[in-house]
Amino acid sequence: MIGRDVIGLNPSEVWTYVFAYLLPILFFAYMGTDVIVRNPGKVEHRLIGLTSIVYILLFAEEYVRHQLPLSDSPALVALWFSNVGIAMPGLGLHFLTKFSGLDKHMPRYLYPAIFYLPLVVIVVNVLSRREIISSSEFISIGAWKYPVYDTPYYAALTVSILISTLYLVFLNKGSARAVSAEHRAIYRLLVVGVLICTCWHVAFGYFQFEGLPPYSYLYGGVIWCFTLRLAMIRYEFLDYASKRYEKLFNLNPAAILLVEQSGKIKEANPSARKLIERVDTSRHSLFRLVGREFRQLIKHQRTIRAYETSFHNGERLLHVLIDGDYVSVDNAPHLILIVRDITEQKEGQEQIRFLAFHDPLTRLPNRRYFYEKLEEAIRSAEKDKLRPAVVLIDLDRFKETNDKHGHEAGDEVLRHVARMIGETAEPIGMAARLGGDEFVLFIRHAPSPAFVEETIARLEERIREEKLIYREHHLPIYMSIGAGFYPDDGRDADALLMSADKAMYRVKRARKTESAGR
């Protein structure tokens, strides 16, 4: 044994040991406690907690060793310091494997046992009663008791530094799989931390600086835990499991979904659960609801801003706007989506658009819309050599119905007639209500006047057969119908309607003359 035993400590040495060992112990105690409290059930949190405990034991050993005689140093280092230090690389690799998600690709018989195989060396170290991974000689210089660096010490240090390079491999693999900017930033910060720690270990492990504490490479652990602490402050890293934005998440009136990359809905706040209450989220992924286009958007990590789509919540069709972003949750890529129900707004817009071109009572197109479509049909006729026809329909004796049964009965007559005119026109053209008791339809292609006459006959037959009963009263319906043909009766909408109008009034006059003759 080289050097001298220290029996007593002077005040300056006491303060030196406090700053050198007890302050780091307090730092690691705070770090470990804080991480465990955040999420005691999470493997990553437990591993950081254990890492803090290991560093506490290492610094505690050095503090105790400097309170005892120099002759006790070999035994303390061999049985306490070296054996505890063996656990450190395994804990680090286990943490980085879990954080990077690489554990999911490892066989069960390897994970996590492979990281703790070096612990076998502890048994060998204890049973052999030899310092096979630590120095056996120490010298006292000033306040410090330094080890004499020998082959076992350099071998153990070199293995430790080589394992540090594995940290970088795991981090680089994890970074390549990161899907969000925040996730990648965490990896970059951890890589910087590992590089600084590795350089520190090389500088203060292979070379001994007089005046500094023995095993100064231990303070690389402070750098590593400070790096983790910095990541916790800057990003949602090793954060609280249940309280992170929990109240904001649950109280938010907007529907918020946390979705895995596969489309599985992992979490939904109360507003979201109400929005999709009739959707079986255990069977249907979000992508099945909103369609393939949204899935492609996610696949290529494109911006999700005011994405409009629709899906069925039971029998009801919902129109929604989706905003979202890519986040990392439990070290796995996720989507957080805010879904706004715009069904009422959409239906209101559709109703306004519909009423701009349709009659609110009969739901048939109005005069404006009919003219637009008729002009389109005429333009197509010139190009495709078609022969459109216009049929004008006027309800006779409609005023009598209103006067006798009331305006509600008159409205029922208009709706009844409009439905049959619309259904008659639907396969061959388009119908509209021009106003009052006047209706019109156009036929896109009438190969002959006989075709138009057959169409009118079918309509009149339906009117006769489908009798309208209103409050136990049969409401008779009488019509006068006239037609105009393109191009013989005109080449524009006004001319065709005027021709049909004249034909209709000829029918009215003929009917009146016939009635008077009787």
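Modeller: The angle between two packed helices is taken between their N-to-C directions and runs from 0 to 180 degrees, and their axes are lines fitted to C-alpha atoms over the stretch in contact. In this predicted model, helix α15 (residues 407-425) and helix α16 (residues 449-465) pack at an angle of about 145°, with their axes 10 Å apart.

Biologist: What is the handedness of the crossing of α15 and α16?

Modeller: The crossing of α15 and α16 is right-handed.

Biologist: Which residues of α15 and α16 make the contact?

Modeller: From α15 come V417, R419, M420, I421, E423 and T424, and from α16 come T455, L459, R462 and I463. By class, 5 of the contact residues are nonpolar, 2 are polar and 3 are charged. R419, E423 and R462 belong to this contact, and they count as charged because Arg and Glu are in the charged class.

Biologist: Why is α5 called roughly antiparallel to α6?

Modeller: The angle between α5 and α6 is about 170°, and their axes lie 10 Å apart. Angles over 145 degrees count as roughly antiparallel, so α5 is roughly antiparallel to α6. The crossing in which α5 passes α6 is left-handed.

Biologist: What makes the contact of α5 with α6?

Modeller: On α5, the contact residues include Y153, Y154, L157, T158 and I161. On α6, R184, Y187, L190, V191 and V194 are among them. The classes in this contact are 14 nonpolar, 8 polar and 1 charged.

Biologist: How do helix α1 and helix α7 pack?

Modeller: The axes of α1 (residues 11-38) and α7 (residues 220-234) come within 11 Å and cross at roughly 35°. Their crossing is left-handed. F27, F28, Y30, M31, D34, V35 and R38 of α1 meet G221, V222, C225, F226, L228, R229 and M232 of α7. These residues divide into 10 nonpolar, 1 polar and 3 charged. G221 of this contact is counted as polar because Gly is placed in the polar class.

Biologist: What lines the largest pocket, and which residues lie nearest its centre?

Modeller: There are 34 lining residues, and G85, M88, P89, A156 and S160 are nearest the centre of the largest pocket. Two or more residues each are given by α2 (43-65), α3 (73-100), α5 (151-177) and α6 (181-206). The largest share, 9 residues, is that of α3. The volume of this pocket is about 830 Å³.

Biologist: Why is a space called a cavity rather than a pocket?

Modeller: The 1.4 Å probe fits in a cavity but cannot get out, whereas a pocket is an open set, and therefore the way out decides the name. By this test the structure holds 6 cavities of 30 Å³ or more. The largest cavity has a volume of about 180 Å³. Its lining has 17 residues, with E236, L238, D239, D330 and N331 closest to the centre. α2, α6 and β6 (316-329) each give two or more residues to that lining, and the largest share, 3 residues, is from α6. Its classes are 5 nonpolar, 5 polar and 7 charged.

Biologist: How do you know which class the residues lining the second largest cavity belong to?

Modeller: The lining consists of A255, L257, A272, L275, I276, L286, L289, V290, F311, I322, L337 and V339. Ala, Val, Leu, Ile and Phe count as nonpolar, so the division is 12 nonpolar, no polar and no charged. The second largest cavity has a volume of about 80 Å³. α10 gives the most to its lining, with 3 residues.

Biologist: Which kind of peptide bond, cis or trans, joins Y111 and P112?

Modeller: Most peptide bonds are trans. The bond joining Y111 and P112 is cis, with omega about 0°. P112 is in the loop between α3 and α4 (120-128). The bond from Y486 to P487 is also cis, with omega near 0°, and P487 lies in the loop between β13 (478-485) and α17 (493-517).

Conventions: Residues numbered from 1 in each chain as written. Predicted model: local features only at pLDDT ≥ 70, side-chain atom pairs only at ≥ 80, totals over all residues. Heavy atoms only, no water. 1 Å grid on protein atoms, 1.4 Å probe; cavity = no way out; pocket = protein on both sides within 12 Å on 5 of 7 lines; lining within 4 Å. Points joined across faces, edges and corners; volume = space filled by probe spheres on them. Helix = DSSP H or I, 4+ residues; strand = E, 2+ residues; numbered from the N terminus. Left-handed = near helix turned anticlockwise from the far one by under 90°. Contact = heavy atoms within 4.5 Å. Parallel < 35°, antiparallel > 145°, perpendicular 65-115°, else oblique.
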